[in-house]
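Hello,

Here is the structure for your files. My notes follow below it.

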2 protein chains.
Amino acid sequence: VRRIQGGAVNVHPTVRIEREAPGMALVDGDNGMGHVVMRFATDTAIEKARRAGVAWVGVRRSNHAGPASLYASMPLAHDMIGLYLAVGNANHLPAWGGLDMLLSTNPIAVAVPAHEEQSVVLDMATTVAAYGKVKTKAQRGELMPEGWMMDRSGKPLTDPKRADEGFLLPIGGYKGYGLALMFGLLAGTLNGAAMGRDVVDFNKDDTTPTNTGHAIVAIDLAAFGDVVAFKRRVDLLVRDLRASARMPGVERVRIPGEGSHQARADRSRNGIPIPAALQAALDKLAAELGIEPLTS
Amino acid sequence: VRRIQGGAVNVHPTVRIEREAPGMALVDGDNGMGHVVMRFATDTAIEKARRAGVAWVGVRRSNHAGPASLYASMPLAHDMIGLYLAVGNANHLPAWGGLDMLLSTNPIAVAVPAHEEQSVVLDMATTVAAYGKVKTKAQRGELMPEGWMMDRSGKPLTDPKRADEGFLLPIGGYKGYGLALMFGLLAGTLNGAAMGRDVVDFNKDDTTPTNTGHAIVAIDLAAFGDVVAFKRRVDLLVRDLRASARMPGVERVRIPGEGSHQARADRSRNGIPIPAALQAALDKLAAELGIEPLTS
């Protein structure tokens, strides 16, 4: 809302295909809300994958699009696999061994359909914790576990209110740094979108377009062989993983996406729990905008 | 050599395209050496990407193909980005929290060309250490650092000769497990190649075809915009990362692939250092095969 009011986001964008070939497209988001732009881009990827088997759609001049898994999951209904990459909207990650925060938590999401089991959906930042989780900890007034962030002297940083004084840690040290860099090159630099020093911190800036980059790949299962046979192989793998012997103290082997599938079902029935600090912020915002608050 | 002598590998394969669409192909490796099969698959991806902009080639009925970066790097000479995924040839990784080793260290490699700088090349296993590194430690008679492997009770395992009694640890805990699973679904299951319980341990089995799966994606820079402009953006990013302020005690911020570029140059000049145990094994093998040993 701040960024819309500040003029940083175009609320009436003309989203369009800027370049295309049979297996790809480059989408210009015209600085629209990321959700609108990514919906267009994902529909384009799905449509092109029907003919090309696989289609890779790059996106530039977009904005933050919400959860990565949302777009990776859209191809599922078309018997396609979805793969999504993005450049984050604030640099909280230095190169491995470095201090200048030139990288974001550039996420990856992959969604693979199953036959009788639920789809397998991975959605992860390339850092130990996504920056959104740090913000949630701050909203809840909780400390972060050690290993999420470090300060500039290399000491663990656990107070989320001091997040500005440190940086996120990549998974697997230099490996997570490498993944964040490569995903950023693929989702940002390739598309002429912001990467590195050009990334705009949308937490702090209400007026500058972010030129956010994304990539969405749709893979048509039918191009590779029998669709049901594929999905049954996924079922089998999921069941083998779930039936695995477990480490002492582990109650259940989890499949990526399982928690989200459960949360979605639970919240569809019982509503969405909202922390008090977030609710207060939303009510205040509603009052400012002259719209009905959630708690009415 | 053991597996060729055991009849597990077809040394005269007919590698062919089994299915195709404008943006993809599925290659049947006819159980040939992985290097031969992947060369064919990568050439196919490059050729198709010229027309389609992006091409994704899946591979089944292949074998271990050596270093992942080799195939990711082949598109570079054609002003293309390369992305490679594979299913490993031995399951050393359980699901997160599990004990049954149903997953391999499924690697990812991505290669991105620069203009004046060297190409950026990431090549990594989804585990803290690749199993090849464990074998190298054993050859050198060295211990592994804590964090590479665990035994079945959850204790650190540092003796590489006891590798059979434990398993590799994924990067970032459940995140690395998620990556190994998704890369395996994309490189293995999608192509009808081995994944999960079907993976054959090529360290222990000399007679069974592995049905190894790979995926190689070629992304033609020209489809996305001006090629030189893209490569200059990569230069700029690489230089910004390298010029970053550094953590105390860090001599240099490294770019993925930098070590390999240096090692290649050094070894082209000065030869390839070989550990004594490996040299002895190679000499013994040469004697058994009646061919000239390396040390002649």
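The term means a side-chain nitrogen of Lys or Arg within 4 Å of a carboxyl oxygen of Asp or Glu. Between chain A and chain B the count is two salt bridges.

Conventions first, before the rest. This is a predicted model, where local features need pLDDT of at least 70 and side-chain atom pairs count only at pLDDT 80 or more, while totals for chains, interfaces and linings use all residues. Residues are numbered from 1 along each chain as its sequence is written, chains are lettered from A and ligands numbered from 1 in the order in which they are written, and side-chain values use heavy atoms, with hydrogens and water left out.

**Interface**

Chain A and chain B bury about 6400 Å² between them, and 74% of that is on carbon and sulfur atoms. Buried area is the accessible area (1.4 Å probe) that two parts lose on being put together, summed over both. The contact (heavy atoms within 4.5 Å) takes 84 residues from chain A and 84 residues from chain B.

The side of chain A that touches chain B has 58 nonpolar, 15 polar and eleven charged residues. Here Ala, Val, Leu, Ile, Met, Phe, Trp, Tyr, Cys and Pro count as nonpolar; Asp, Glu, Lys and Arg as charged; the others, Gly among them, as polar.

**Symmetry**

Chain A can be laid on chain B with an RMSD of 0.0 Å, by a turn of 180 degrees and a shift of 0.0 Å along the axis. The two copies are thus related as by a two-fold rotation axis. Superposition is by least squares on the C-alpha atoms of residues with pLDDT of at least 70 in both. Of the residues of chain A, Gly23(A) comes closest to the rotation axis, at 2.3 Å (C-alpha). The same surface serves both copies: 100% of the contact residues of chain A recur in chain B.

**Beyond the interface**

Over all chains, the count comes to 40 salt bridges. One joins Arg2(A) to Asp206(A), with the closest N and O atoms 2.2 Å apart.

Best wishes
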